Amino acid sequence: MKLVGKLVGVFRTVAGLTQAQLAEMVGHQAETIASIEQGRRALLPDLARQLDRLLDTKGALETAVENMPEIDLIPAWAEQYMDLEREALALSWYDNQVVPGLLQTEAYARAVFRNRVPVFSEEKIEDQTTGRLERQEILRRSEPPTISFVIWEPVVRLQLVDDEQHAEQLRHLRTCTALPGICLQVLPLHHRTHAGLNGPFILLETPDYQHVAYSETQRGSLLVSDPDEVSILSQKYAMLRAQALNPEDTVGLLDQLLGEQ
């Protein structure tokens, strides 16, 4: 990522452009170009092709991105998802491991990153936590996306933080249920059917009404655009919503858990 970023910087300088000027030409923020040039943000294939055309670099950047080692391709997938998330019209999010990132408190998010193995440095933990909290701005936009969350009950019972911070996380979930466009449902432990046993995933609708899915594993992440695969995950999500508590009963469960603190 650092090597590709240095190439972007060299080609931009040769073209006589500032980071702000290049960002405006490609429809991104100047900070995005700066992060790519510093190797902190992956250059995604679509933007690489766009830069090759604008900077007349004869496919050099696209070729570099296509041949990045796997360890660098993993954050590229995640970065591509987050770009889509920022502009999404709708999100459908199922999680059975941790509270969805868009609903995490600062203390909870920090605990998630602190539990990573191999461990992150304290600096990396802070950077990751800050980035996660910044993503939550979409919940408070003047026109927020429509978001449905289904989470398995063990997620709200799992205590990654101390008692006070755990209660804070539960109260935050309670508060988020009142935000416009958000629906939160918990799939209870006692339910005898469960359509999401294969793990968490997210469905996303783009501004041009395309549907994609995103999922993460222990060693990577995957952005899915194949209509057949997206359809299968959509069917799973519809079943999960039917199996979960309704929004009012979900609030009741959160109140019950808070009463146990």
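Q: How many salt bridges does the structure hold?

A: Side chains of opposite charge can pair when their charged atoms come close. A salt bridge here is a Lys or Arg side-chain nitrogen within 4 Å of a carboxyl oxygen of Asp or Glu. The structure holds 11 salt bridges. Bear in mind that this is a predicted model, where local features need pLDDT of at least 70, side-chain atom pairs count only at pLDDT 80 or more, and totals for chains, interfaces and linings use all residues. Residues are numbered from 1 along each chain as its sequence is written, and side-chain values use heavy atoms, leaving out hydrogens and water.

Q: Which parts does the salt bridge of R49 and E62 tie together?

A: Let's start with the pair itself: the R49 and E62 side chains meet at 3.4 Å, N to O. R49 lies in helix α4 (residues 45-55) and E62 in helix α5 (residues 60-66), so the bridge ties together parts that are 13 residues apart in sequence. Helices are DSSP runs of H or I with at least four residues, numbered from the N terminus.

Q: Is R49 buried, partly exposed or exposed?

A: Relative accessible area decides: buried is under 20%, exposed is over 50%, and partly exposed is in between (1.4 Å probe, protein chains only). R49 is partly exposed at 30%, and E62 is partly exposed at 22%.

Q: What is the salt-bridge partner of K58?

A: That is D56, with the closest N and O atoms 3.8 Å apart. K58 is exposed at 74%, and D56 is exposed at 54%.

Technical notes. Helices (H or I, at least four residues) and strands (E, at least two) are DSSP runs, numbered from the N terminus.
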